[in-house]
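Here are my notes on the model, as numbered points. Please read them with the structure open.

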Amino acid sequence: MTEKVVGIGHQDFKTVREKGCFYIDKTLFIKEWWEEKDAVTLITRPRRFGKTLNMSMLEKFFSVQYAGREDLFQGLKIWEDETFRKLQGTYPVLFISFANIKEQNYEMARKKICQLLSSLYSQHQFLLDEGALHEKEKDFFRSVSMEMDDVSAAMAIHELCLYLSRYYGRQVIILL
């Protein structure tokens, strides 16, 4: 058995698990959260309490991009429940962290948010490439950029959810 190391500052669940870092198993939160069936969940905790790591855990558990990555959850409490093993990797997930947006003024913060949204759209380029969008949707998709207007920025997450929901035939889980 290899010794676990305490990885300081890690906010990515995959990294923590793959590097064998010490991890306090919080995976039963997945079950608790899922069974509540809330439309919206607000989790407030002090800084450095693990909010981003927990959101990353939820992303890795539910996201279709991590389908077949049971290795990340084996040996953890959630993996003992057959129902939840079947849920792993079955939902489109948008994980958006504002942890790195610490700008001193509105204009710079807005630019960083537009950059974040543009990057999110780039990650889902397959929607454009595979012909999953109508012409007006393609136009909107392409308009999401660092230079987009406020209306486009305000609608970007909503529109991407519509596209992903239609593509996968499932509701999208948004983690902000």
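1. Start with a helix pair. In helix 2, F29, I30, W33 and W34 meet M57, L58, F61 and F62 of helix 3. Contact here means heavy atoms within 4.5 Å. By class, this contact of helix 2 with helix 3 has eight nonpolar, no polar and no charged residues. Nonpolar covers Ala, Val, Leu, Ile, Met, Phe, Trp, Tyr, Cys and Pro; charged covers Asp, Glu, Lys and Arg; the others, Gly among them, are polar.

2. A word on the basis. This is a predicted model, in which local features need pLDDT of at least 70 and side-chain atom pairs count only at pLDDT 80 or more, while totals for chains, interfaces and linings use all residues. Residues are numbered from 1 along each chain as its sequence is written, and side-chain values use heavy atoms, with hydrogens and water left out.

3. Now the geometry of that pair. The axes of helix 2 (residues 28-36) and helix 3 come within 10 Å and cross at roughly 75°. Axes are lines fitted to C-alpha atoms, for helices over the stretch in contact, with angles from 0 to 180 degrees between N-to-C directions. Helix 2 and helix 3 are therefore roughly perpendicular to each other; that class runs from 65 to 115 degrees.

4. The overall fold. The chain has eight helices and two strands, in the order α-α-α-α-β-α-α-α-α-β. These are DSSP runs numbered from the N terminus: helices are H or I with at least four residues, strands E with at least two. Of the contacts with a separation of 6 or more, 67% join residues 24 or more positions apart.

5. The second largest pocket. Its space is about 420 Å³. Among its 19 lining residues, F95, I96, S97, L116 and Q123 are the closest to its centre. Helix 3 (51-62), strand 1 (93-95) and helix 5 each give two or more residues to the lining. Helix 5 gives the most, with six residues. The lining divides into eight nonpolar, nine polar and two charged residues. A pocket is an open set of points on a 1 Å grid where a 1.4 Å probe fits, with protein on both sides within 12 Å along at least five of seven lines; lining residues have an atom within 4 Å of a point.

6. Is S118 buried or exposed? S118 sits in helix 5 (residues 106-123). S118 counts as buried because its relative accessibility is 17%; the cut-off is under 20%, with a 1.4 Å probe and protein chains only. Beyond its neighbours within four places in sequence, S118 is in contact with V144, S145 and M146.

Technical notes:
Buried means under 20% relative accessible area, exposed over 50%, partly exposed in between (1.4 Å probe, protein chains only). Grid points are joined across faces, edges and corners, and a volume is the space filled by probe spheres set on the points. Angles under 35 degrees count as roughly parallel, over 145 as roughly antiparallel, 65 to 115 as roughly perpendicular and the rest as oblique.
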